[in-house]
Amino acid sequence: QVRLVESGGGSVQSGDSPTLSCVASGLTFCMAWFRQAPGSERKFLGYRNLRPDGWYYATGIEGRFTISRDVAKNMLYLQLNKVRPEDTAVYYCASALNSCDASAESYDTWGQGTQVTVSS
C-alpha cells in the first residue's frame with residue numbers, strides 16, 4: 001500500500017500563497033487534496049490522475065488553488081493562492097489506485113494531514 005506524507009503547512013498571513021506538498025511511496029493512479037476545518041466535514045478540493053487531461057477541481061476551487069503533480073517524483077502539490085482566514089484547516093493528501101472522484105470513500109490511502117492556519 002502506498003504511503004503519503006504531507007508537508008508545507010504552518011502559520012501564514014492573509015494574502016500569502018503557500019504551497020503544500022505530498023510525497024507518495026509509490027506510483028498511484030489518482031492523487032487528491034481534501035481539507036477539514038474545525039467542526040466541519042472533510043471536503044474535496046481536487047485531484048490529478050495519470051492521464052494528460054486528468055484533473056478536476058471542486059466548485060469554487062479552480063482559480064483559488066492550483067493542484068499540480070510530478071509523476072516522476074511521486075509528488076502532488078497544492079498551491080493556495082492569497083489565502084484567507086477561512087482557509088484555516090488540516091489539508092490531507094489521498095490516493096486511489098484505479099479511479100478518481102470527489103468522494104472521500106473512494107480513496108484508500110491518506111496522509112496524516114498538515115495544518116494551515118491563516119491569520120488576518
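How many positive and negative side chains does the protein chain have, and how far apart do the centres of the two sets lie? There are 11 positive and 11 negative side chains, with the two centres 4 Å apart. Here Lys and Arg count as positive and Asp and Glu as negative, while His and the chain ends are not counted; each charge is placed at NZ of Lys, CZ of Arg, CG of Asp or CD of Glu.

Before we go further, a word on how to read the model. It is a predicted one, in which local features need pLDDT of at least 70 and side-chain atom pairs count only at pLDDT 80 or more, whereas totals for chains, interfaces and linings use all residues. Residues are numbered from 1 along each chain as its sequence is written, and side-chain values use heavy atoms, with hydrogens and water left out.

Let us start with the overall fold. The protein chain contains 11 strands and zero helices, where strands are DSSP runs of E with at least two residues, helices are runs of H or I with at least four, and numbering starts from the N terminus. With a radius of gyration of 13 Å, close to the 14 Å that the globule rule gives for 120 residues, the protein chain is as compact as a globular protein of that length. That radius is taken over C-alpha atoms, and the rule is 2.2 Å times the number of residues to the power 0.38. The C-alpha trace spans about 40 × 25 × 25 Å along its principal axes.

Of the 120 residues, 47% count as buried, meaning under 20% relative accessible area; exposed means over 50%, and partly exposed lies in between (1.4 Å probe, protein chains only). The protein chain exposes about 6,200 Å², of which carbon and sulfur atoms supply 47%. Among contacts with a separation of 6 or more, 57% come from residues 24 or more positions apart, a contact being heavy atoms within 4.5 Å.

Next, have a look at the aromatic residues. The structure holds nine aromatic pairs; rings of Phe, Tyr and Trp (its six-membered ring) pair if their centres lie within 6.5 Å, and planes under 30 degrees apart count as stacked, over 60 as edge-to-face and the rest as tilted. One of these pairs is Phe-34 with Phe-44, edge-to-face at 5.5 Å centre to centre and 70° between the planes. Phe-34 sits in β4 (residues 30-36) and Phe-44 in β5 (residues 43-48), so this pair ties together parts that are 10 residues apart in sequence. Phe-34 is buried at 1% relative accessibility, and Phe-44 is buried at 11%. Phe-34 also pairs with Tyr-107: the ring centres are 5.4 Å apart and the planes at 80°, so this pair is edge-to-face. Tyr-107 lies in the loop between β9 and β10 (109-110), so here the linked parts are 73 residues apart in sequence. Tyr-107 is buried too, at 4%. Phe-34, Phe-44 and Tyr-107 belong to one aromatic cluster that includes Tyr-47, Tyr-56, Tyr-92 and Trp-110.

Where does Asp-87 lie? Its place is the loop between β8 (75-80) and β9 (89-96), and at 1% relative accessibility Asp-87 is buried. Beyond its neighbours within four places in sequence, Asp-87 contacts Arg-35, Arg-64, Phe-65, Val-116 and Val-118.

Finally, two backbone details. Most residues other than glycine have a negative phi. Asn-74, in the loop between β7 (65-70) and β8, has a positive phi near 55° and is buried at 19%. Lys-82, in the loop between β8 and β9, has a positive phi of about 45° and is exposed at 63%.

Methods. Areas by Shrake-Rupley, 256 points an atom, 1.4 Å probe, with all protein chains shown as cover.
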